[in-house]
Amino acid sequence: MDQNFQEELTQIIKFKPPLHKQRHQFVKDLVEKYKPKKVADLGCADCSLLRMLKFCSCIEVLAGLDICANVMQEKMHTLSPLPVDYLQPSERSLTVTLHHGSVAHKDPCMLGFDLVTCIELIEHLEEPELKKFPEVVFGFMAPSIVVISTPNSEFNPLLPGVMLHRHPDHKFEWNQAQFQSWALETARCYDYSVEFTGVGHPPTGMEKAGFCTQIGVFIRKYPRTGESVQSEKPTEAVYKTVFKAVYPSLKDEKYLQNAVISEVIFTAQIIKHHFMSKHQEYGDDPERKSKFQPSMDCFSDCLGKLVVEKNMEPFVSGNEVYIPLATIFSFPKVNRLCGTFEKLCKLIAGKVTLSSDGSAVMFSIEHENEEN
């Protein structure tokens with residue numbers, strides 16, 4: 001390919017979506033494939049990858065580490081729970097923590113992770129840090145999966161304005177052979193396998209340049225034993241925690257109780273309105289009531305077409321209408337939240353108006369008439 005064409009190409013080459021989004025999507029796809037519960041992002045910078053990963057339902061622990069506390073602190077508020085997280089707590093637990101420190105140091109807070117990501121990190125490391133990096137990540141932390149991305153220097157001639165390195169803070173940028181040589185040796189030393197890929201495809205006709213960002217995915221070959229982890233565990237923490245957020249979760253009894261109470265009242269109100277509309281339509285006429293009774297054997301489609309038994313039917317006594325808890329518990333969402341009928345009774349005790357024997361939710365018909 002002639003030089004003039006290459007110069008023109010550097011002016012028009014663009015990535016859609018942008019390269020940083022492609023890198024983040026690559027990690028997200030990996031998370032969806034392997035379903036890790038604990039993920040750490042080393043060199044998390046502005047926390048943009050963590051913000052994406054916090055929506056992955058399999059992740060229960062997210063941690064970020066960066067040498068620059070100021071960069072993390074500018075955006076760390078975006079990792080805090082939103083009002084909707086309190087109004088509709090998730091069924092999973094989620095804790096997000098940010099640490100200030102170097103990837104060249106070991107800290108026990110980084111043990112036990114399933115996936116560790118190092119996106120555009122290693123090229124920022126000085127030589128002494130780079131030498132310590134494999135022992136810290138693969139030897140000490142020893143997660144099941146490590147993802148490392150770094151610029152591919154062979155792609156640089158295709159990028160406008162790039163002379164030596166893509167960023168002034170980069171200490172080096174490896175070509176494909178250099179990165180693969182380092183990665184294969186690291187994998188061999190710490191019993192990992194490694195596969196190479198990347199994001200940012202080269203233009204047609206220049207495939208030899210490789211991906212703009214080269215990626216190595218390391219998979220640990222053998223499970224780590226508890227003894228080997230304990231033997232290397234440092235006695236003191238060296239990282240400083242700069243942020244921690246614990247998201248509301250239905251695994252927390254307080255949030256679970258609120259969710260169950262809201263769902264019980266909501267479900268009971270739906271059943272009550274359905275029942276009262278039929279009750280007012282047929283009244284006490286025995287002949288018409290016989291026609292009404294079968295209709296209560298099956299709720300309408302909006303109630304999930306639930307078939308109920310005789311002792312589960314709503315009933316009126318005096319100025320009160322009663323919705324049996326057994327009927328409410330039959331609804332899928334209530335059932336899923338509580339698990340057992342006993343737990344349902346425990347969670348709503350003293351929080352919902354019940355019949356004297358505690359078997360039904362009670363509403364006043366007079367209040368119903370006032371609403372109408």
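Biologist: How many residues has helix α7, and what distance does α7 reach from its first C-alpha to its last?

Modeller: Some conventions come first. This is a predicted model, in which local features need pLDDT of at least 70 and side-chain atom pairs count only at pLDDT 80 or more, whereas totals for chains, interfaces and linings use all residues. Residues are numbered from 1 along each chain as its sequence is written, and side-chain values use heavy atoms, with hydrogens and water left out. Helices (H or I, at least four residues) and strands (E, at least two) are DSSP runs, numbered from the N terminus. Helix α7, residues 176-189, has 14 residues and reaches 20 Å. That is close to the 20 Å expected at 1.5 Å a residue, the expected span being 1.5 Å times one less than the number of residues.

Biologist: Which residues of α7 are buried, and why do they line one face of the helix?

Modeller: An α-helix has 3.6 residues a turn, so residues three or four places apart point the same way. In α7 the buried residues (under 20% relative accessible area; exposed is over 50%, partly exposed in between, with a 1.4 Å probe and protein chains only) are Phe-179, Trp-182, Ala-183, Thr-186 and Ala-187. Seen down the axis of α7, they fall within an arc of 130° (taken from the directions from the helix axis to the C-beta atoms), so they line one face. The face turned away from them carries the exposed residues Ala-177 and Arg-188.

Biologist: Against which elements do the buried residues of α7 pack?

Modeller: They pack, by contact (heavy atoms within 4.5 Å), against helix α6 (127-141) and the strands β5 (145-151), β6 (192-199) and β7 (213-220).

Biologist: Which residue caps the N-terminal end of α7?

Modeller: The cap is Asn-175, with a side-chain oxygen 3.1 Å from the backbone nitrogen of Ala-177. Beyond the helix, α7 is followed by Asp-191, whose phi is positive, near 60°.

Biologist: What is the order of the strands in the sheet of eight?

Modeller: Strands of a sheet pair through backbone hydrogen bonds, either parallel or antiparallel. Here the open sheet has the order β6-β7-β5-β4-β1-β2-β3-β8, with mixed pairing; two strands pair if DSSP finds at least two bridges between them. The edge strands are β6 and β8 (240-246), each pairing on one side only.

Biologist: How many bridges join β5 to β7?

Modeller: Seven bridges join these antiparallel strands, and Ile-148 stands opposite Gly-216 in β7. On its other pairing, β7 meets β6 in the antiparallel sense over eight bridges, where Gly-198 has Gln-214 as its bridge partner. Six of the eight residues of β7 are buried. By contrast, β1 (residues 38-42) and β2 run parallel and are joined by five bridges, with Leu-42 opposite Leu-65.

Biologist: Is Asp-66 buried or exposed?

Modeller: Asp-66, in strand β2 (residues 61-66), has a relative accessible area of 10% and is therefore buried. Leaving aside neighbours within four places in sequence, its contacts include Gly-43, Met-72 and His-99. The C-alpha atoms of Asp-66 and His-99 are separated by 6.7 Å, although the two lie 33 residues apart along the chain. A polar atom of the Asp-66 side chain lies 2.9 Å from the backbone nitrogen of Cys-68.

Biologist: Which strands form the sheet of three?

Modeller: That open sheet has the order β9-β10-β11, with antiparallel pairing. Its edge strands are β9 (315-317) and β11 (360-364). Three bridges join β9 to β10 (residues 320-324), and Phe-315 has Tyr-322 as its bridge partner in β10.

Key
Polar contact = N/O pair within 3.5 Å; in protein donor to acceptor, adjacent residues only side chain to side chain.
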